[in-house]
Amino acid sequence: MRCPVCSTRPAEVGVLCEECRDELSSPIKISQEQILARVQVPTIAALIDIWGRPHQLDANAKIGRQVDDRGIAVLEPSVSRLHAELTFDGSHWTIRDTGSANGTYVEDKLVEAPTPIQSGDRIRFGHIAFYLTEDIGKLPSPRTARTVTTTIKPPLAVEPRPRAGSVAGGGDFAEEEHTDVGLPTMRFRLHEPTGGGGGLIEVDGKQVQLTTTQFELMALMIKRMATEAHQPELVRGFVRSSELIADLSWDTREPSENHVKQLVRRVRRALMKSEIGDLIESRHRFGYRLRAIPRGD
């Protein structure tokens with residue numbers, strides 16, 4: 001069964017794949033016993049924790065350190081006593097922050113007013129993050145969760161990635177334009193709002209909204225691929241992690257390689273959710289690059 005967040009990789013940690021589980025990682029290590037669901041009239045929606053465990057929600061669910069009923073208690077200091085509230089109106093879920101000290105975030109965006117949420121959204125209360133699923137009936141059977149502190153992972157079987165423009169199983173399709181070196185050419189448009197707060201990227205007519213750091217990552221890779229036209233395909237367009245750590249706008253004082261990896265995963269997921277596809281290639285000792293060559297108009 002596939003992970004309900006990315007819909008592409010197998011569930012290996014509870015109901016999550018390892019990559020999506022890693023996106024819930026935080027500098028604070030907690031135990032499973034520090035998350036307690038207290039439900040009276042459960043809906044079919046749930047919050048999924050870092051162990052891949054779904055915790056069902058009431059239609060009016062509270063999140064905080066001191067939640068006695070109808071919600072989820074998260075016993076961790078960065079979570080306020082009454083941190084946030086999730087509400088279901090019969091068709092849609094909404095989240096609001098209830099005056100927490102460390103903020104509530106949906107996909108790294110601070111919740112400043114009641115905000116609609118949907119399946120697959122990553123929601124963070126202080127340092128502790130979850131995914132929302134609106135229907136637990138669509139979740140895979142849970143796999144035995146690994147401990148969060150493990151540092152040894154078995155090798156994963158990687159299926160060959162189809163070339164851009166191909167369709168699994170054959171059939172008619174519109175072939176994308178390719179350069180002589182084999183990378184497809186795509187048209188990129190970057191729309192950065194004058195007031196800050198991220199930006200919009202358009203790829204061959206499809207749009208994706210990104211946070212500030214995510215937008216900067218894509219803009220840097222697009223520029224690097226465009227300016228290194230003289231380089232052979234094997235090394236063209238790569239940006240090292242050290243450059244990203246130094247040049248991007250991070251929300252932490254000490255960004256690390258792990259922050260870069262999590263950022264790349266989130267951008268990949270945003271691109272796939274917008275049906276653009278995975279446009280980021282990673283290569284050991286080289287870094288990250290765009291899987292396409294920007295096309296000028």
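Biologist: What makes β11 and β12 a pair, and in which sense do they run?

Modeller: Two strands (DSSP runs of E of at least two residues, numbered from the N terminus) are paired if DSSP finds at least two bridges between them. β11 and β12 have 4 bridges and pair in the antiparallel sense, with I123 standing opposite F130 in β12. In their hairpin, which has 2 residues between the strands, G126 takes a positive phi near 65°. This is a predicted model, in which local features need pLDDT of at least 70 and side-chain atom pairs count only at pLDDT 80 or more, whereas totals for chains, interfaces and linings use all residues. Residues are numbered from 1 along each chain as its sequence is written, and side-chain values use heavy atoms, with hydrogens and water left out.

Biologist: Which other strand pairs with β11, and over how many bridges?

Modeller: Strand β8 (residues 104–106) pairs with β11 in the antiparallel sense over 3 bridges, and the partner of T104 in β11 is F125.

Biologist: What makes both faces of strand β11 count as covered?

Modeller: Buried means under 20% relative accessible area, against over 50% for exposed and partly exposed in between, with a 1.4 Å probe and protein chains only. R122 and R124 on one side of β11 (residues 122–125), and I123 and F125 on the other, are all buried, and both faces are therefore covered.

Biologist: Why do β1 and β10 stand at the edges of their sheet?

Modeller: The open sheet of 6 strands has the order β1-β5-β4-β6-β7-β10, with mixed pairing. β1 (35–38) and β10 (115–117) each have a single partner strand, so one side of each is left without a neighbour in the sheet. The twist from one strand to the next averages 20°, with axes taken as lines fitted to C-alpha atoms and angles running from 0 to 180 degrees between N-to-C directions. Within this order, β4 (residues 60–64) and β6 (residues 84–88) run antiparallel and are joined by 4 bridges, A61 having L86 as its partner in β6.

Biologist: Which residues of its lining lie nearest the centre of the largest cavity?

Modeller: Lining residues have an atom within 4 Å of a point; there are 15, of which L24, S26, I28, I30 and I50 lie nearest the centre. Strand β12 (residues 128–133) gives the most to this lining, with 3 residues.

Notes: 1 Å grid on protein atoms, 1.4 Å probe; cavity = no way out; pocket = protein on both sides within 12 Å on 5 of 7 lines; lining within 4 Å.
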